Amino acid sequence: MTTRKKQMFPIVGDYVVYAVILLIAAIFFSLFFPKAGDKSLRVIRIQSGEDVEYYDLNSDREISVDGEDGFTLTLSVSSGTVRVVQASCRDHLCVKTGAISEEGRSIICLPARVIITIEGGDGSDEDVFLP
Amino acid sequence: MKTIPSRLVAVGIAILPAVLCLAILLISRGCGETVSYRSRETFAMDTILSFRLPDTVTEEQYQETLAQIKRLEEIFSRTVPDSVTSRFNRSESGMEITDPDFLALLSRSLEIAGQTGGAFDLTAGPLTEIWDITGENPEIPDESEIQTALTAVGYRKLTLQDGFLSKENSGVSLDFGGCAKGYICEAVLNQLKQLGVESGILSFGGNVGILGPLEGKSTCRVGIANPDSPEFAAGYLSVDRGFVSVSGDYERYFEADGNRYHHIFDPKTGRPAQSGVRSVAVWSEDGTLADALSTALFVMGVQGAQELYESGIYSFEAVFYLSDGSYYVTDGIRDRYEHVSDSFSREFGTE
């Protein structure tokens, strides 16, 4: 009887098993929930020709972008959104696009060859967006 | 009789769910084989082209697809001076067509123009020019200017016979802007398929081509812009193949006298189409058809679209957002569409 009671207490081997269980659980969660939302990770990717720059979407500021053929754009980052507030191009479609905030959304200025895209964030389940 | 120690039973009970979860995980992920994707963007065809393709697609293969796009753009573009289109547009009465891609898209465009009663029309270029919607100071043209432009508009003013394309008068010109992106998107998709690429998404300025659902998904979820606030989706279409094209009055427009003048013209009136449609997204397994029909259905309106859908001439599905605040989804795609917009709050035909 005394021997059986002793077996109820954990031994070194038990701790190894517990560690394995925790490890498996950790792998499980990291693989199934890889993008558990953290909106603070969202960044603005600005591509002008071959040049690419990144800015924090949660840091309010104005950004000047030099595009191709002498075109310039002014971007306003405010409250987790970005919009083009001024553009020297002819059609101003980039200004008309308005503010973007969701992952995968883009503002495009064709004359200046500038693409502004939101990256990172809370892992939208949308695969592609048709503007 | 030997008994199993209770500690072993407890450990077994604890470990079983974890082992089961791991098994499910491995099975669902193809026993560890995962595909990662790389997004690339480039400018061509007067728009932005986006590629979301498996990492296994090499830079050389990607460059081959860009070369194919450039080759086709130089055939169809009306702004490239030496393109087949430009040469035809400059001709007095027409010219012989030998390029197989040009012949293929030309024949298809004429056929779709005929089947849609001219709602899709590849000769509408003069209207785009006089309205100059994206110009610096766009204005409503005079009625006489519209009537003059209309003398050169109408697919029936083109005749394709024995490889020779002739025009009724020297002003008649070709503009493949309403279908070339869809045709080129399909050509690139087929090129990638031949390379063995089985999943990925192409997005060519309002036209999406689906190679196959991304790894771990059964469908591709396509967000369709809300015409009232185009940076947000009004609904989602979940499809596993084919092409989705969209045409809307929010893309290129100017406002005057309290009216919105957009870039999708009714070839019959010479004015921006007033069919009650704000935007329409078309799904089809045929890229050219999806692109051309998105323009045609916008001009035709819901009733005309329903007639074409029910005729069975073409295999397509469509989602409409209408100016009366309703939305309409064709029957074949209802179970694959999720509506999320409050501004288009009721289904077409309901109060």
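This is a predicted model: local features need pLDDT of at least 70, side-chain atom pairs count only at pLDDT 80 or more; totals for chains, interfaces and linings use all residues.
Tutor: Residues are numbered from 1 along each chain as its sequence is written, and chains are lettered from A in the order in which they are written.

Student: What makes a run of residues in chain A count among its helices and strands?

Tutor: Helices are DSSP runs of H or I with at least four residues, and strands are runs of E with at least two, numbered from the N terminus. On that basis chain A has three helices and eight strands, in the order α-α-β-β-β-β-β-α-β-β-β from the N terminus. Chain B has eight helices and 19 strands.

Student: How do you know that β3(A) and β4(A) pair?

Tutor: Pairing requires that DSSP find at least two bridges between two strands. Strand β3 of chain A (residues 61–66) and strand β4 of chain A (residues 72–78) share six bridges in the antiparallel sense, so they qualify as paired. One of the bridges joins Asp66(A) to Thr72(A). The two strands form a hairpin with five residues between them, and Asp69(A) in the turn has a positive phi of about 55°.

Student: What share of each chain is called buried, and what makes a residue so?

Tutor: A residue is buried if 20 or more other C-beta atoms, placed from the backbone, lie within 10 Å of its own; 12 or fewer makes it exposed, and anything in between partly exposed. By this count, 25% of the 131 residues in chain A are buried, as are 41% of the 351 residues of chain B.

Student: Which domains does chain B contain, and where do their bounds come from?

Tutor: An automatic or database domain assignment supplies the bounds: domain 1 of chain B covers 54–178 and domain 2 of chain B covers 198–347. Their centres, taken over C-alpha atoms, are separated by 22 Å.

Student: How many residues of each domain take part in the contact between them?

Tutor: Two residues are in contact if their C-beta atoms, placed from the backbone, lie within 7 Å. Under that criterion, 23 residues of domain 1 of chain B and 24 residues of domain 2 of chain B take part. On the domain 1 side, α4(B) supplies the largest share, five residues.
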